[in-house]
Amino acid sequence: MLRLEKIQFVLVLFFAFSLFNQVIAKGQNKAEENMQVWLTTSLKRIFPQSPADNSPILELDVARNSKISFQVGFHSNMKDQTQIACTIEAKELKPLVRYVGVVPLRHFNTDVRQEELDGIGYLPGLLPDPLYPLTKVDANPFASRSFWITLNIPSNMEPGEHNYGVKLSWKEGKEDKTKDLTLKLQVSPLVIKPRQNFHVTHWWRGEATSLYYKTDLYSERWWQLTRAQMKNLIEHGNDVAFIQNLFELREVFKNPCQMLIVNETSPGKYTFDWSIIKRFVGMCKELGFKKFEWGHLWLYWGVEDAMHVYTKRDGEYKLLWDKDLKATSPTYINFLEQYLPELHRFLQNEKILKDSYFHLSDEPWSEHVANYKRARDILRRIAPWMKVMDALSDVRYGREHLTDIPVPIISSAQDYIKEGIPHWVYYCTGPRDKWLNRLYDTPLAKIRMSGWLFYRFKALGFLHWGYNYWYKLDKEEALDPFQEGAGYAYPGIAAGDPFIVYPGPDGPYDSVRWEVFAESLQDYAILQSAGIDPNDLLLDPLKSYADFPKTEDWIKEALIKVLRKN
């Protein structure tokens, strides 16, 4: 009996001691957890309401000659505001630390089932998207936010594991606090080569720059901002520079961005001043662009109307003809007969003819095949040297060689794939739901699959209309992109479709979506550099632009297979 009592006494002491240690540990953890910090990938949005993570280490497999991004999350459990700063010891990787801002998403985009949306439980609400050049920011009570860190992996970096320290610093009252986290990079021997035979273009809007910044078209301020935008495009995997030689919008603007200066010297006689276009082309060449894309020659959605062409009279832009002039009007054919030979001469002088893409008309539908044929016949007569490309969907445009480079929307691309017709692809405000896109509420892993899908289905290029459409749809009126993401045209225009960058004071602010899309184009280059066949078993799960893996785990495992094989 005495022995039993001793055992009971020892057990009581043991449990009491354990409980005491737990209380002490809980008190210590509570002190440490006034600020919770962690590392995560570029494919997880950290919403203000996101629960804190506890990952002090992040491991990433990377190729050489690559650009990679990851996030540093933080969550304040304090009732007062404080400031938090982020640094990384990786000077040789030219680190760029930015802060992930938020913009309002008032409604989920329509026609999308719940499992294809990001942010369920957090949205509608504040969406993490713009990237601000800030390394020290406010940490507000009971909210999660993140820093975004981008690193440049040199082509001569030693393969193997490399560790880097990430430090968060903040104040709790008057006391300085820090927390160290670890980034582990597994560097592959693979060196990424420049992407080949896949071109990317985004339609930037010169009038959007003028409207938002309240600066005159072609002023030196406008040129500085435009240069920053074109530099941003090429840094994010674009290799085709879109030229607004004509102003291709149906709406009549007081200040259209029509770079070609057209003068009517007498009725039906025109002269052309190429000075603005020449400066733009020269600037783009300096930035590294080697391909050029020229604006449309007929108004969109039907090839039924002539392009709006402006001239300046008494300091004001005026249309050369009625805004509803028919597509094959003698007035317009007369203009084309004078304009197109001059365009050809300019292209030859600038030595960019073979590197130029030309548009006939945007998004003709099935019922517009006859209209498109008529317009194409006109071009074959006046400009037989011109090869055209257009966003369209009906496979007849490609099958009957009505266009030289068809650009079907991704939901119609399978028809072109089945018939073996070479093509580019595009998406815009649609298709939605299961289809690939990059809208405000599209999961980031789904966006990251863009390059994989382009590679798998052997697309020759990608086109998108929305780089910086920072004004109300169909109106010459600027909007605030930090407050409105659908051009005030929801739900027809999806939130996140009109633009992929935000206006900063001296150039664009990147977005999370833009960075992830650029990572997807880099994935394309990784697959190409590694010599992966598009029909490789690795890519077999990619069945269509709607049926494909949409998880971060799949991307991680696939990259490991490619990078550790080389």
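**The interface between the domains**

Reply: The count between domain 1 and domain 2 is one salt bridge, that is, a side-chain nitrogen of Lys or Arg within 4 Å of a carboxyl oxygen of Asp or Glu. The side chains of R113 and D433 form a salt bridge, at 2.5 Å from N to O. The model is predicted, so to speak of local features pLDDT of at least 70 is needed, side-chain atom pairs count only at pLDDT 80 or more, and totals for chains, interfaces and linings use all residues. Residues are numbered from 1 along each chain as its sequence is written, and side-chain values use heavy atoms, with hydrogens and water left out.Domain 1 spans 35-191 and domain 2 covers 199-444 + 458-504, bounds that come from an automatic or database domain assignment. Their centres, taken over C-alpha atoms, are 36 Å apart. Contact, meaning heavy atoms within 4.5 Å, involves 23 residues from domain 1 and 18 residues from domain 2.

Between them the two domains bury about 2,000 Å², with 51% of it on carbon and sulfur atoms; buried area is the accessible area (1.4 Å probe) that two parts lose on being put together, summed over both. R45, N109 and E116 provide 28% of the area that domain 1 buries against domain 2, more than any other three residues.

Ten residue pairs, both at pLDDT 80 or more, are in polar contact across the interface of domain 1 and domain 2. Such a contact is a pair of N or O atoms within 3.5 Å; within protein, one must be able to donate a hydrogen and the other to accept it, and residues adjacent in sequence count only if both atoms are side-chain atoms. On the side of domain 1 that touches domain 2, β5 (96-105) and β6 (125-132) are the elements giving two or more residues, and β6 gives the most, with four residues. Strands here are DSSP runs (E, at least two), numbered from the N terminus.
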